[in-house]
Amino acid sequence: MENDRVSLPRLALILALCILYRLWVLKNTNIDGRMRAAVDFSCLAETYGSHYDMRLSGAVILVLSGDVLPPVPEAAGPEWYKQEVRRLDQWLGSKAIRKKFRHRIVVWGDHDAPSSQAAPHYLENATVLFDNMTKVEGLTVYGTSWQPQNSEGAFYLPRGSPEMREKRDKIPLGVDVLVTHSAPLGMGDRKRYRTFEPSQFLEDSIYENKTYPLRQDPSIGDGLLYLKVTAINPRLVITGQHPEGYGRIRTPESRTVVLNPSITSSYKPASRPALFWSLIGPDTYPKNNGMDVPFVIE
């Protein structure tokens with residue numbers, strides 16, 4: 001009898017573990033019975049060519065979210081851009097990069113083209129997203145380069161302008177991963193270091209006819225993009241443009257995780273690691289594996 005009393009708790013524990021394991025299998029199994037695979041993202045932005053010398057950890061998808069070409073010489077012309085784009089394409093197609101990353105996605109930044117009138121560069125060894133969408137490993141990924149005007153460069157539009165609203169309206173519902181060069185307001189821009197509600201700055205960051213002392217501050221994210229992200233709630237937003245906002249943040253009002261992998265500032269050599277994130281399956285909550293992420297802002 002004493003042995004029976006001892007075995008009953010063990011039996012209950014084994015039964016509970018079996019139930020938990022079964023629930024985990026059901027959660028991570030597709031309809032056809034196959035296990036959902038983790039889709040890992042390795043993310044870089046603002047590299048200014050320093051990615052060529054970096055030792056990158058492998059992942060399923062490599063995402064470059066803008067400003068990846070080297071610093072532009074003063075006398076640079078179209079031929080310089082062609083040469084650097086060709087160099088980047090060769091790097092993305094190299095055996096080492098293909099071995100580490102099954103897919104490569106690129107969204108251009110304001111330093112990656114001579115002007116906003118320039119057509120986005122085409123790459124043979126990566127998927128370039130420019131106001132369009134692709135399907136990767138069962139995930140829907142949308143990319144856009146446009147950002148509020150704050151200096152001279154490519155893919156700028158006046159903040160809050162009808163043209164910018166049109167670009168943001170193109171971002172569809174059902175996007176799993178949104179890749180942008182500009183950060184949403186308060187999500188990966190410098191403002192996240194301060195205690196504030198995005199609504200405090202939202203009106204002035206959206207409407208171009210407002211007098212706002214920080215309107216021309218390049219560290220201020222895009223209010224229209226903030227509205228779009230909070231409306232469609234993508235699982236992951238990968239951005240750039242704002243080195244001060246490097247890191248990750250989870251939006252308190254939604255499931256969205258925002259990564260800002262801007263690894264350099266003022267063209268300095270890379271001093272920060274790539275940011276790494278993992279999504280489990282096409283329809284489950286994002287899970288972080290903890291690699292290469294220095295801090296969390298909850």
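Q: Where is threonine 239 found, between which two strands?
A: This is a predicted model, in which local features need pLDDT of at least 70 and side-chain atom pairs count only at pLDDT 80 or more, while totals for chains, interfaces and linings use all residues. Residues are numbered from 1 along each chain as its sequence is written, and side-chain values use heavy atoms, leaving out hydrogens and water. Strands here are DSSP runs of E with at least two residues, and helices are runs of H or I with at least four, both numbered from the N terminus. Threonine 239 is in the loop between β10 (236–238) and β11 (247–250).

Q: Does threonine 239 count as buried or exposed?
A: Buried means under 20% relative accessible area, exposed over 50%, and partly exposed in between (1.4 Å probe, protein chains only). Threonine 239 has 0% relative accessibility, so this residue counts as buried.

Q: Which side chain makes a polar contact with the side chain of threonine 239?
A: A polar contact is a pair of N or O atoms within 3.5 Å; within protein, one must be able to donate a hydrogen and the other to accept it, and residues adjacent in sequence count only if both atoms are side-chain atoms. A polar atom of the threonine 239 side chain lies 3.1 Å from the backbone oxygen of serine 182. The side-chain partner, at 3.5 Å, is threonine 180.

Q: Where does asparagine 125 lie, and is this residue buried or exposed?
A: Look in the loop between β3 (101–106) and β4 (127–128), and you'll find asparagine 125 there. With a relative accessible area of 18%, asparagine 125 is therefore buried.

Q: Which side chain is joined to that of asparagine 125 by a polar contact of 2.8 Å?
A: Contact means heavy atoms within 4.5 Å. Not counting residues up to four places away in sequence, asparagine 125 touches Asp89, Leu92, Gly93, Arg98 and Arg104. The polar contact of 2.8 Å is made with the side chain of arginine 98.

Q: How many residues are in the largest nonpolar core?
A: A nonpolar core is a set of buried Ala, Val, Leu, Ile, Met, Phe, Trp, Tyr and Cys residues joined through side-chain atoms within 4.5 Å. Trp91 and Phe41 are among the residues with the most contacts inside the largest core. The size of that core is 53 residues.

Q: What percentage of the protein's residues count as buried?
A: The protein has six helices and 14 strands. Of its 298 residues, the buried share is 53%.
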